[in-house]
Amino acid sequence: MKHLQNPTFPKGFLWGASSAAWQVEGGVDEGGRTPAIIDLNSKTKKPFADNSITADHYHHYKEDVALMKECGFTSYRFSLSWSRIIPHADRKVNPKGIEFYNNLINELVAAGITPIVTLYHYDMPVWVDEKFGGWRNRAIIDEFDFYVRTCLNAFGDRVKYWLSINEQNMQIVYGKWLGVSKGCTDWDKEKWQINHIMNLCHAKAVIACHELVEGGKIGPVPGYVPIYPKSCRPEDQIAAMNAEELTQKVWDDLYYFGEYNTFIKNYWKENAIDPKIEPGDMELIKSAKIDFFAINCYRSDVGMAPDPTFLQEIGLNKYGRKGEFIYTNIPGEYALDRNPYVETTDWDWHIDGVCMRYTMRYMWDHYHLPMIITEAGFGAHEDLDENGEIHDDYRIDYLRDYIYNLGLAIQDGVEVIGFNPWSFTDLLSTGNGMAKRYGLVFVNTTDDDVRDLKRYKKDSFYWYSKLIKSNGQEWGKDMSEWREFSKVSQIASDIKDAK
Ligand code: BG6
């Protein structure tokens, strides 16, 4: 059998990891920060979530950056907290909030790490929600623009990679889970209005970045979950396409082409949905030209023709027990299902490195824009063993497979500029608190006991460090053994080679 060479990564590839302010910082009442809706939303999911301390990065950021440097990072993706920067409705900029991010950015730059900054990652300030009713009111567009411009002006001299809104698609698809639906009476219809307002906010951010940041580049952050058809039954293929549209393509087309695609316009018509699009809106959206796509890609799903009547809401496996995830079913469009060909995490997320290659190929074929991976990762139950160590070989296998497939996508001709998995240190999961850990570095704290918050390097830290310091050459296992593991990629590569 003909083997592929080790994939190679471009010179200057941005190797790092990723986080979000509300999930990693803690210090929620410090330095003038006021609450965000997600703080409150998290607490309703108790006992598994409370972000008031989490990894306490607010107080440990120097130590964390030193660890990133030791690991060999050349990038770090993190988000800014709106309510730390503008804590109240009076638009007064909080000097302490600016100071915290200045310190973090300066620390990164001094360590030779390129900052990649998300402007908005789920944490709507309570004051914005109270004043405008969250994303439901168009008045938020100006307020968001003011916040974004404040950030670009404050940090744009050192930050050149900007991300607008994290996983806008998932905020609409999982709106109830992430608290975006707060205040809505008919979410299935209202979500498209909210989405339109988010599109306008995204567009404003793109325009502002190009206006204010010399050499600045900006892109959106879709969460990408490829949907494979469950079978070669033609109806399953169409269902999988419907699912791709309704969970991601509608957003990606909008960001790239500046238009709502025909699929969604028909869907709205069929479902009597009529988001209010005002004169000038589409011109604004079209004028906002993105520079790249930042992609979050953890897993794939399987789509099949749905039962015509049965509606199953998206179910989340809160407590990390296999087999408890409830797969969505949208009558008339699609149903999702378990993929028997791949393993799952304790939260029933499919573990599928090939989905990384699929995503890269799909996005490249449709949009031909460079991409940065801003999330991928393995959530697991973990605690220190008697030697104070974490042997997370499952995470190493996961990362190896995803990075290997990313390398194959690069060989396929896709332009990728960086890989920043979720997460550097352990941090709060969106719905499972500290019980679901993703970090390369263990943080000694649990949901019930704050402990001492000390950092411990997991095995994956050492493995990842070797790989990235060699720019993707040191895989830590014989490649032939590894190729055996990545059978599907291998078969695909062999077919390609044989042509
Ligand atoms: C991504 C989000 O979709 O998934 C992160 O951008 C989130 O904020 C990550 O933490 C993992 O999801 P979860 O629910 O396991 O925390």
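1. A polar side-chain atom of Asn166 lies 2.9 Å from an oxygen atom of the ligand. A polar contact here is a pair of N or O atoms within 3.5 Å. The side chain of Gln23 has an N or O atom 2.8 Å from an oxygen atom of the ligand. For the side chain of Tyr438, the distance from an N or O atom to an oxygen atom of the ligand is 2.6 Å. The protein buries 93% of the 380 Å² that the ligand exposes when taken alone (Shrake-Rupley method, 1.4 Å probe).

2. This is a predicted model, in which local features need pLDDT of at least 70 and side-chain atom pairs count only at pLDDT 80 or more, while totals for chains, interfaces and linings use all residues. Residues are numbered from 1 along each chain as its sequence is written, and side-chain values use heavy atoms, with hydrogens and water left out.

3. The ligand is surrounded by 14 residues, and the closest are Gln23, Glu167, Thr430, Lys436 and Tyr438 (a residue is near if one of its heavy atoms lies within 4 Å). This shell divides into five nonpolar, six polar and three charged residues; Tyr counts as nonpolar and Gly as polar in this scheme.

4. The ligand takes up the space of the largest cavity. A cavity is a set of points, on a 1 Å grid over the protein atoms alone, where a 1.4 Å probe fits but cannot get out; a molecule sits in it if more than half of its atoms lie within 2 Å of its grid points.

5. The protein chain has 18 helices and 16 strands (DSSP runs of at least four residues for helices and at least two for strands). Its radius of gyration is 22 Å, close to the 23 Å of the globule rule for 499 residues, so the chain is as compact as a globular protein of that length. The radius is taken over C-alpha atoms, and the rule is 2.2 Å times the number of residues to the power 0.38.

6. Two backbone details deserve a check. The peptide bond from Trp422 to Ser423 is cis, with omega near 15°, and Ser423 is in the loop between strand 14 (416-419) and strand 15 (441-443). Ala272 is not a glycine, yet has a positive phi of about 50°.

Notes
A polar contact is a pair of N or O atoms within 3.5 Å; within protein, one must be able to donate a hydrogen and the other to accept it, and residues adjacent in sequence count only if both atoms are side-chain atoms. On a 1 Å grid over the protein atoms alone, a cavity is a set of points where a 1.4 Å probe fits but cannot get out, and a pocket is an open set with protein on both sides within 12 Å along at least five of seven lines; lining residues have an atom within 4 Å of a point.
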